[in-house]
Amino acid sequence: MSRIGKNPISIPAGVTVDVNATTVTVKGKLGQLSQEYSDVTVKVEEGQVIVERSSDNKEHRAKHGLYRALINNMIVGVSDGFTKELELVGVGYRASNQGQKLDLALGFSHNIVLEVAPEVKLETISEKGKNPIVKLTSHDKQLLGLISAKIRGFRKPEPYKGKGVKFVGEVLRRKAGKSA
């Protein structure tokens, strides 16, 4: 039995959940999200969302936990929101933004300019003596993860000095390097 899929999702105040034949729509103070589903039944009862499956088929068991987690992420997103912070580690690495355009100087011959989706709020923090930080905030967890992974992919942290773009709090596996 799926341990994640069995758990009901409590709906906080100010959030409405609408269930159609194949779509769940969640509205809250931060925005609106919708998700299509299949092979499971979704019900709203007494301030809770309950996801049930029709059989113990392997595919149905997999989708049971999946859709429960996706609906939970949507409810948390429209009520609280999600935040990811990326740290630029390296000499001369800089970040700045003008509106939704992120300008990164990562040691290449040119700056990288990335147009960020309007659903994601972008902020850059640069303090003297500290590494620059790019702060991304959104109600859509999937979109936030996609954009932060794309930014990290421009210059992944290398294992010797740790230079590159890393998530704040990420633990890197370091290597010793050459020993003469």
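Mentor: Start with a cut-off. A polar contact is a pair of N or O atoms within 3.5 Å, and within protein one must be able to donate a hydrogen and the other to accept it. Keep in mind that this is a predicted model.

Now take helix α3, residues 141–154. At its start, D140 places a side-chain oxygen within 3.3 Å of the backbone nitrogen of Q142. That distance falls inside the 3.5 Å cut-off.

Next, the length. α3 has 14 residues, and at 1.5 Å a residue they should span 20 Å. The end C-alpha atoms lie 21 Å apart, which agrees.

Then the buried side. Buried here means under 20% relative accessible area. In α3 that set is L143, L144, I147, S148, I151 and R152. These residues cover an arc of only 165° around the axis, so they sit on the same side of α3. The face turned away from that buried side carries Q142 and L146, both exposed.

What do the buried residues of α3 pack against? Five strands are named: β7 (82–89), β9 (101–105), β10 (112–115), β12 (133–138) and β13 (164–167).

For another helix, look at α2, residues 58–79. Its 22 residues reach 33 Å from first C-alpha to last, close to the 32 Å expected. Just after α2, G81 takes a positive phi of about 90°.

Definitions and conventions
Residues are numbered from 1 along each chain as its sequence is written. This is a predicted model: local features need pLDDT of at least 70, side-chain atom pairs count only at pLDDT 80 or more; totals for chains, interfaces and linings use all residues. Side-chain values use heavy atoms; hydrogens and water are left out. Helices (H or I, at least four residues) and strands (E, at least two) are DSSP runs, numbered from the N terminus. The expected span of a helix is 1.5 Å times one less than its number of residues. Buried means under 20% relative accessible area, exposed over 50%, partly exposed in between (1.4 Å probe, protein chains only). The arc is that of the directions from the helix axis to the C-beta atoms. Contact means heavy atoms within 4.5 Å.
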